[in-house]
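Hi,

Here is the structure I promised to pass on.

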Amino acid sequence: ITNFDTLKKQLRQYHECTCKCGCYAKDQDHQAERAIVFLRARAAHRRTNEKLAMVLDIDETSLSNYEEMVKAGFAYDSAVFDAWIKSAKAPVIPGTLRLYKEAQRLNVSVFFITGRAESERDATERNLREQGYQNWQQLFLRSLAQASEPMQVFKSGARAAVAAQGYRIVLNVGDQWSDDKGEPQAEFFVKYPRSEERRVGKECRSRW
């Protein structure tokens, strides 16, 4: 079993692009470009009156929490992480913002679906806007009643709500395979790398 401190060092090296294992930012950009190429092609074949939608996850997809992770030593404390969310200081992930702006140019509506709590809506909306995400269609967060639902159930339910509004979900972007599990699924799913895959420890890996 790899020593915990060794794992943390490897995570930092991947994020800082100083190892032979890859480069986090470069890998993210590559996936964002795949999404942009698909979106352009799909929008070019839009049917008459077809309402196209793109779904985005937030944490480690649209916004980065790496600063908080490093300070926490890649451990997870719900109170500390909630305080970070409410600070609205998470920086943008550049490739996703490029994708977001391309979706707007192509008249593809954007829906954010996140495991964040409904009580964090104000901070989340402020953070998104301050980082350049403007004029999205809708932001889905988990209500108290949904807090105990498996993430797959919550996210697929949110996508069903998007589809019920008459949208065709053509693209979904997230950092976990579970972001596109359940029905309805997008026509195309792009998975981002996770800077710490996601944090070290079972409790943390299951968080989103």
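**What turned up**

The protein has eight helices and five strands (DSSP runs, H or I of at least four residues for helices and E of at least two for strands, numbered from the N terminus). From the N terminus on, they go α-α-β-α-α-α-β-α-β-α-β-β-α.

Bear in mind that this is a predicted model, where local features need pLDDT of at least 70, side-chain atom pairs count only at pLDDT 80 or more, and totals for chains, interfaces and linings use all residues. Residues are numbered from 1 along each chain as its sequence is written, and side-chain values use heavy atoms, with hydrogens and water left out.

On overall dimensions, the C-alpha trace spans about 55 × 40 × 30 Å along its principal axes. Of the 208 residues, 49% count as buried (under 20% relative accessible area, 1.4 Å probe, protein chains only). For contacts (heavy atoms within 4.5 Å) with a separation of 6 or more, 71% come from residues 24 or more positions apart.

Now the inside. Searching the whole structure gives one cavity of 30 Å³ or more (on a 1 Å grid over the protein atoms alone, a set of points where a 1.4 Å probe fits but cannot get out; lining residues have an atom within 4 Å of a point). The largest cavity holds about 40 Å³ of space, the volume being that filled by probe spheres set on the points, which are joined across faces, edges and corners. Its lining is made up of Val55, Leu56, Asp57, Ile113, Lys155, Arg159, Asn172, Val173 and Asp179. Strand 1 (51-56), helix 7 (151-164) and strand 4 (167-174) each contribute at least two residues to that lining.

Cheers

Definitions and conventions:
1 Å grid on protein atoms, 1.4 Å probe; cavity = no way out; pocket = protein on both sides within 12 Å on 5 of 7 lines; lining within 4 Å. Buried < 20%, exposed > 50% of the residue type's maximum accessible area, 1.4 Å probe, protein only.
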